[in-house]
Amino acid sequence: MIAEFLRRFRKKSPWVLHYNAGSCNGCDIEILASLAPKYDLERLGIRNTGNPKQSDIFLVTGPVTQRSRERLVELYTQIPEPKVVVACGSCTCTGGVFRGMYGSEDGIDRYIPVDVYIGGCAPHPEQIIDGLVQALEILEKKSKNVEQPKKLMGKISERDGGIDKTNMAGKL
Ligand code: SF4
């Protein structure tokens, strides 16, 4: 019951952590444009946050520089499951114009798994919104997958006469 409640509202109000992994700022400006009143990303309930522990979607720009890769992985590990990673811009997907350069890591999927790729240099706000809508669908699917083992554990525990810790709050 509580899990169902959380899943419904997570999709309606996902929080996004935006990280610049060495971008030229072009993609970041387009992200800001999509949050501004003209495109109004917040109408989908999407909020930009600075705290990885409260985030659902990790939105990354830039080709990943050698100086930013550690932070990238650190932030990724701090975001709780279920989480969705969105690579925003050609640089983040493949290295783009920085591909092969001495300080560039040629995209984020060498370091963290990516769920949605948004191409373009820089991507248009409409593309960013489209990518984030795809991320919402993936987030909902991942939420269901995270809950399944918990439900299964609850059934096993009840059958064996053990204590079911998965729904303690609901039972009180
Ligand atoms: S994709 Fe283009 S706009 Fe975005 S960070 Fe790379 S060079 Fe800049």
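A nonpolar core is a set of buried Ala, Val, Leu, Ile, Met, Phe, Trp, Tyr and Cys residues joined through C-beta atoms within 7 Å. The legends below describe a predicted model, in which local features need pLDDT of at least 70, side-chain atom pairs count only at pLDDT 80 or more, and totals for chains, interfaces and linings use all residues. Residues are numbered from 1 along each chain as its sequence is written.

**View 1. The largest nonpolar core has 29 residues.** Ile57, Phe58, Leu59, Val60, Val86, Ala87 and Cys88 touch the most other members. Two or more core residues come from each of strands S1 (15–20), S3 (57–61), S4 (84–88) and S5 (116–118) and helices H2 and H5 (125–159). S4 gives the largest share, 5 residues. Helices (H or I, at least four residues) and strands (E, at least two) are DSSP runs, numbered from the N terminus. A residue is buried if 20 or more other C-beta atoms, placed from the backbone, lie within 10 Å of its own; buried residues make up 32% of the 172 in the protein.

**View 2. Contacts of Ile57.** Leaving out residues up to four places away in sequence, Ile57 touches Pro14, Val16, Val84, Val86, Leu132, Ala135 and Leu139. Contact is defined by C-beta atoms, placed from the backbone, within 7 Å.

**View 3. The shell around the ligand has 13 residues.** A residue is near a molecule if its C-beta atom, placed from the backbone, lies within 6 Å of it. Gly26, Gly89, Cys91, Cys121 and Ala122 come nearest. Helices H2 (26–35) and H4 (90–94) each supply at least two shell residues.

Key. Buried ≥ 20, exposed ≤ 12 C-beta atoms within 10 Å, placed from the backbone. Contact = placed C-beta atoms within 7 Å.
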